[in-house]
Amino acid sequence: MIRTPIEIEGQRVLIREIRLGDADPVWQLINDEEVVRWTIQIPHPYPADGATKFIRKCRRQWRKGEAFVFAEILQQTREFLGVISLSNVALRHGCAELGFWTGRPYWRKGLTTEAVGLALRFAFEELGLHRIYASTFKPNVGSRKVLERNGFKLEGVMREAVVRYGQRHDFLNYGILSQEFSTE
Ligand SMILES: CC(C)(COP(=O)(O)OP(=O)(O)OC[C@H]1O[C@@H](n2cnc3c(N)ncnc32)[C@H](O)[C@@H]1OP(=O)(O)O)[C@@H](O)C(=O)NCCC(=O)NCCS
């Protein structure tokens with residue numbers, strides 16, 4: 001059982017468990033077509049009660065150890081930046097799936113890269129997992145770079161596997177093993 005509250009600090013960003021108090025900024029930042037463009041299933045417009053329902057589910061999953069969903073916070077101002085998740089936690093196999101999004105005002109500042117590094121630290125050092133995987137649409141260059149900057153390796157290409165806004169795309173599978181993770 002991973003007790004809350006928990007805070008993992010980086011240089012500019014920290015991650016902590018997502019809380020109901022985050023519902024407003026979650027809704028403000030996720031209700032943006034550009035943010036959900038390369039996600040599989042987040043709708044746009046985002047439902048008014050969507051953020052609260054999402055966070056309630058995250059809290060239940062955290063208690064059961066099924067998923068660990070974090071708020072990404074800017075240390076200097078305590079602004080809420082986005083969400084970093086470890087879901088489909090399979091302790092028997094030592095695996096979990098990483099997901100992430102950051103609000104548009106905070107893009108391209110290296111913040112998501114740093115926050116994902118903190119989530120990997122949690123996954124490997126606190127949960128003792130062995131492998132973290134993530135998938136992304138091929139055109140989502142920012143997401144691919146966040147993964148590659150954190151040491152993920154491209155493991156496979158699911159050719160023309162996903163349709164978004166009427167267009168078919170390759171889906172890329174990435175993974176990182178505990179021995180490949182470095183905090184330097
Ligand atoms: C993808 C996303 C998380 C990137 O977040 P970010 O905070 O801008 O990422 P970073 O600033 O840490 O950037 C990492 C690298 O990607 C590059 N990058 C970010 N967005 C990019 C874009 N749209 N096109 C090209 N490069 C991009 C950055 O320049 C940086 O490169 P560098 O290390 O060579 O300087 C953000 O755009 C987002 O939340 N998008 C919507 C949700 C989403 O797609 N999530 C991923 C689903 S798998």
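How far does a polar side-chain atom of threonine 112 lie from an oxygen atom of the ligand, and what is that distance in Å? In this predicted model, the separation between the polar side-chain atom of threonine 112 and a ligand oxygen is 2.5 Å. On its own, the ligand has 920 Å² of accessible area, and the protein covers 79% of that.

The shell holds 20 residues, of which Arg108, Gly110, Thr112, Thr113 and Arg149 come nearest to the ligand. Two or more shell residues are given by each of β5 (95-102), α4 (111-126), β6 (131-137) and α5 (141-149). Helix α5 supplies six residues, the largest share of the shell. Sorted by class, the shell consists of nine polar, seven nonpolar and four charged residues.

Most peptide bonds are trans, and most residues other than glycine have a negative phi. The bond leading from threonine 4 into proline 5 is cis, its omega being near 0 degrees; proline 5 belongs to the segment before β1 (7-9). Histidine 44 and proline 45 are likewise joined by a cis peptide bond, with omega about 0 degrees. Proline 45 sits in the loop that runs between α2 (33-36) and α3 (50-64).

Positive phi values come next. Arginine 78, a residue other than glycine, has a phi near 65 degrees. Its place is the loop between β3 (68-74) and β4 (80-90). Is arginine 78 buried, partly exposed or exposed? With a relative accessible area of 48%, arginine 78 is partly exposed, because a residue must be over 50% to count as exposed.

Glutamate 160 is not a glycine either, yet its phi is positive at about 50 degrees. Here the setting is a strand, β7, which spans residues 153-164. The relative accessibility of glutamate 160 is 53%, so this residue counts as exposed.

Technical notes
Residues numbered from 1 in each chain as written. Predicted model: local features only at pLDDT ≥ 70, side-chain atom pairs only at ≥ 80, totals over all residues. Heavy atoms only, no water. Helix = DSSP H or I, 4+ residues; strand = E, 2+ residues; numbered from the N terminus. Buried < 20%, exposed > 50% of the residue type's maximum accessible area, 1.4 Å probe, protein only. Near = heavy atom within 4 Å. Polar contact = N/O pair within 3.5 Å; in protein donor to acceptor, adjacent residues only side chain to side chain. Areas by Shrake-Rupley, 256 points an atom, 1.4 Å probe, with all protein chains shown as cover. Nonpolar A, V, L, I, M, F, W, Y, C, P; charged D, E, K, R; others polar.
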